[in-house]
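This report describes one protein chain for a reader new to structures. Please look through the sequence and the model before reading on.

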Amino acid sequence: MTAMNIRSTFCFFLLALAACMLVPAAAQANSLSVSFALANLPQTITLCRVPTAIGVFGFDERWQVAIDVDDNAATGDPNTGIEVLLAASTLPQSTPCAPTSATTQQSIVASMYAWDQAQQTFVQNSQVVNLSLDFTAKTLSMSTSVSGPLDAFSALSRMYFFAQASYLPSNGNPNLTYDVAESIHVGASVVDPPNDVQVCESPCSSGASWYPLIDLVGVSATTTDALPAFGENTVYLEFQMASLSEIVGLCLYPGQFANPASEWGWYAWSNVDNNLATGDPSAGLDLVVSVSTQAPLPGCTPYSANLEQSLSIELYRYDSTLGDYVAVPIGTWPVTVDTSSGKIIVQADRSIAPLSSLSAPSLFYMQTFRLYWPYPTQPDNPYATDVLSGISLGRTFVDAVGDVQNCSLGCSTSASWYPMIDLVGASVHLQDKIFRNEFE
């Protein structure tokens with residue numbers, strides 16, 4: 001989109017701004033989920049399977065994910081570089097005890113352990129770890145918030161999956177048999193060969209009833225939200241729509257407009273210094289991050305396309321000398337269209353000026369628009385638009401439903417595309433942090 005088109009969109013943005021209302025809302029934390037695919041996961045297991053082994057190790061079976069949060073062997077546990085352990089284990093026991101059949105669902109608990117530098121050991125953390133067992137899929141999963149000991153968790157963090165079982169070899173002392181999967185980063189999954197449990201001596205064998213519980217056949221790790229593309233410099237711009245479709249119509253009205261600009265757009269304007277006397281003299285705005293579809297080519301015919309793949313991101317700053325907005329090179333910024341939540345999420349790099357000047361007082365104004373026909377002659381702008389104003393950093397705001405402006409004739413709430421530009425909320429924040437506090 002050209003600077004002239006940005007300027008035109010800005011002028012219409014001012015018309016809609018006066019009609020905006022906003023209400024703060026609570027933000028949701030990102031969550032990490034790790035999953036073990038097992039050779040088998042029966043609905044009943046035996047506790048205190050081998051009392052002699054319980055006396056030494058205190059558990060029957062255990063599943064752990066060791067996380068090198070910063071992917072740096074020089075930090076955390078000096079032997080491994082691990083900072084955090086997610087652990088699921090059969091109920092802790094002590095001798096004397098006797099083998100007892102129990103319900104698997106009620107016999108496994110999950111917790112988190114974090115490396116304590118002063119004590120030089122892993123210490124149980126109070127952060128909640130949720131456990132999920134799927135007896136049909138034969139998976140054991142743990143999930144927890146990406147916060148606390150996992151606050152610095154990123155796409156670079158490395159995870160190691162392993163499962164253990166205590167047992168008593170026929171000709172030895174109590175020991176642990178185990179299976180280890182290949183290390184992965186978040187968003188990845190790997191298949192592990194079956195029947196490859198290590199340190200497995202008689203009576204341990206693939207025929208033992210408990211063997212499939214620790215025989216890994218696959219592992220995976222995901223997060224509910226995309227991890228930061230630019231580390232601590234990542235700023236998330238989130239547009240919450242009434243609803244979103246994965247497919248979008250393009251080349252909407254061939255022949256109706258001589259030189260149409262983008263047909264769909266989601267813009268984030270910012271008064272970076274919160275000073276009306278600087279930036280664009282009309283409203284003090286210093287920059288705009290534009291997320292939009294490309295302008296239709298001359299002679300095109302209407303077609304459908306994947307929305308996420310059709311979007312491009314550009315950054316413009318206001319140039320007081322030119323009296324206009326000029327493009328700023330940014331490289332590639334990730335954009336995600338999440339149809340399940342109705343969100344369009346942009347990851348911006350705040351190390352790039354003018355985003356590098358963001359601070360606690362900075363304000364954002366979120367705008368959506370869509371070209372439509374026929375449109376009113378007054379105002380002379382063929383875009384229906386919605387605006388959410390005065391968003392402070394680190395907070396989530398909600399907007400009224402069905403309040404799209406400049407919407408008549410060819411635009412109405414019953415139009416199939418209307419919910420895709422109907423803003424119902426927005427936020428600008430760092431990864432799972434109160435953005436405002438990062439600058440105070």
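## Nonpolar cores

A nonpolar core is a set of buried Ala, Val, Leu, Ile, Met, Phe, Trp, Tyr and Cys residues joined through side-chain atoms within 4.5 Å. Buried means under 20% relative accessible area, exposed means over 50%, and partly exposed lies in between, with a 1.4 Å probe and protein chains only. The model is predicted: local features need pLDDT of at least 70, side-chain atom pairs count only at pLDDT 80 or more, and totals for chains, interfaces and linings use all residues. Residues are numbered from 1 along each chain as its sequence is written, and side-chain values use heavy atoms, with hydrogens and water left out.

The largest nonpolar core has 66 residues. L237, W264, W266, W333, F364 and M366 have the most contacts inside this core. Strand β24 (residues 363-371) gives the most to the core, namely 6 residues. Helices (H or I, at least four residues) and strands (E, at least two) are DSSP runs, numbered from the N terminus. Another core, of 44 residues, lies apart from the largest one and includes I45, V65, A88 and M112.

## Around W333

Contact means heavy atoms within 4.5 Å. With neighbours within four places in sequence left aside, W333 is in contact with F230, V289, I313, L315, V346, Q347, A348, D349, I352 and L355.

Two strands pair if DSSP finds at least two bridges between them. An open sheet of 5 strands has the order β9-β10-β2-β14-β13, and its pairing is antiparallel. The edge strands, β9 (130-134) and β13, each pair on one side only. From one strand to the next, the twist averages 10°. For such angles, axes are lines fitted to C-alpha atoms, for helices over the stretch in contact, and the angles run from 0 to 180 degrees between N-to-C directions.

Within the sheet, β2 (residues 31-38) and β14 (residues 216-223) run antiparallel and are joined by 7 bridges. F36 stands opposite V219 in β14.

## Aromatic rings

Rings of Phe, Tyr and Trp (its six-membered ring) pair if their centres lie within 6.5 Å; planes under 30 degrees apart count as stacked, over 60 as edge-to-face and the rest as tilted. The count by this rule is 14 aromatic pairs. The ring centres of F36 and F161 are 5.2 Å apart and the planes are at 70°, so this pair is edge-to-face. F36 is in strand β2 and F161 is in strand β11 (residues 158-167), 125 residues apart, and the pair links distant parts of the chain. F36 is buried, at 0% relative accessible area, and F161 is also buried, at 0%.

Ring pairs also link Y267, W269, Y318, Y325, F369 and Y383 into a cluster. A charge sits over a ring if NZ of Lys or CZ of Arg is within 6 Å of the ring centre and within 35 degrees of the ring normal. R49 lies over the face of W210, at 4.3 Å from the ring centre.

## Backbone details

Which bond joins S202 and P203? A cis peptide bond joins them, with omega about 15°. P203 is in the loop between β13 (189-191) and α3 (211-214). A cis peptide bond also joins A353 and P354, with omega about 5°, and P354 lies in the loop between β23 (343-349) and β24.

N274 is not a glycine, yet has a positive phi of about 50°. N274 is in the loop between β17 (264-271) and β18 (287-293), and counts as partly exposed at 41% relative accessibility. N406, also a residue other than glycine, has a positive phi near 55°. N406 lies in the loop between β26 (396-398) and β27 (423-429) and is buried, with a relative accessible area of 14%.
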